[in-house]
Amino acid sequence: MASAWPCMITSAEAMSKSPPRDRVAALALLVLIISAFFAWQIIHLDGFRWDYDEGPYMMAAKLVHSGHRLYSEVYSAQPPLFISSIAIAFAILGPSARTARMVIVAYSTIGLLAIALLARELAGWLAGLSAAVLLAITPDFFLYSRACIG
């Protein structure tokens with residue numbers, strides 16, 4: 001399918017022109033970047049956070065896990081998926097700060113992958129890989145991608 005703009009090449013067109021070996025190498029590198037980010041964050045979940053928000057979010061999830069109803073018995077300023085997903089993780093792995101932070105690492109890893117794939121769609125594999133690396137090493141993302149803050 002041709003691009004709407006004659007001077008632009010879509011990523012689908014670019015991918016069809018690049019050798020399969022290049023695509024496999026780029027995909028393998030993306031998997032390596034995402035896996036390294038995930039492993040690093042999971043290994044470094046413990047430790048005190050200098051932020052108040054972790055406590056109320058974890059307590060809200062613990063109350064939901066204990067059977068209290070979200071929004072009627074438990075206050076939350078976040079959409080239901082955030083607290084509910086932490087409560088589900090508490091049911092599976094037990095309520096702890098480490099468990100809540102694992103949920104956040106999972107969401108952050110999904111976000112990192114989404115940014116990489118979006119950049120790849122817009123500008124090719126080099127942009128996708130660059131976006132993943134740059135976002136992963138951004139100080140705020142790096143810190144908050146393992147803190148239970150909505």
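In this predicted model, Arg-146 sits over the face of Phe-142, 5.1 Å from the centre of the ring.

A pair of aromatic rings is described by how far apart the centres are and by the angle of the planes. Searching the whole structure turns up three aromatic pairs. One of them, Phe-37 with Phe-141, is stacked, with 5.6 Å from centre to centre and 20° between the planes. This pair links distant parts of the chain, since Phe-37 belongs to helix α2 (residues 20-43) and Phe-141 to helix α7, 104 residues apart. Phe-37 has a relative accessible area of 5%, so it counts as buried. Tyr-57 and Phe-82 make an edge-to-face pair, at 5.3 Å centre to centre and with 90° between the planes. Because Tyr-57 is in helix α3 and Phe-82 in helix α4, this pair ties together parts 25 residues apart in sequence. Tyr-57 is buried, at 15% relative accessibility, and Phe-82 is buried too, at 11%.

Back in helix α7 (residues 139-144), there is also Leu-143. With a relative accessibility of 37%, Leu-143 is partly exposed.

Next comes helix α3, which has twelve residues and spans 16 Å from its first C-alpha to its last, close to the 16 Å expected at 1.5 Å a residue. Its buried residues are Glu-54, Tyr-57, Met-58, Ala-60, Ala-61 and Val-64. They all end up on the same side of α3, because they cover an arc of only 155° around the axis. The buried residues of α3 pack against α4 and α5. After the helix comes Gly-67, with a positive phi near 115°.

What about the inside of the protein? The largest nonpolar core has 17 residues, and the members touching the most others are Val-64, Phe-82, Ile-83, Ile-86, Ala-100 and Cys-148. Helices α3 (54-65), α4 (80-93) and α5 (97-123) each supply at least two residues of this core, and α4 gives the most, with six. Leaving aside residues up to four places away in sequence, Cys-148 touches a set of residues including Tyr-57, Phe-82, Ile-86 and Ala-100. Apart from this core lies another one, of eleven residues, among them Ala-26, Ile-34, Leu-112 and Ala-132.

Technical notes
Residues are numbered from 1 along each chain as its sequence is written. This is a predicted model: local features need pLDDT of at least 70, side-chain atom pairs count only at pLDDT 80 or more; totals for chains, interfaces and linings use all residues. Side-chain values use heavy atoms; hydrogens and water are left out. A nonpolar core is a set of buried Ala, Val, Leu, Ile, Met, Phe, Trp, Tyr and Cys residues joined through side-chain atoms within 4.5 Å. Buried means under 20% relative accessible area, exposed over 50%, partly exposed in between (1.4 Å probe, protein chains only). Helices (H or I, at least four residues) and strands (E, at least two) are DSSP runs, numbered from the N terminus. Contact means heavy atoms within 4.5 Å. The expected span of a helix is 1.5 Å times one less than its number of residues. The arc is that of the directions from the helix axis to the C-beta atoms. Rings of Phe, Tyr and Trp (its six-membered ring) pair if their centres lie within 6.5 Å; planes under 30 degrees apart count as stacked, over 60 as edge-to-face and the rest as tilted. A charge sits over a ring if NZ of Lys or CZ of Arg is within 6 Å of the ring centre and within 35 degrees of the ring normal.
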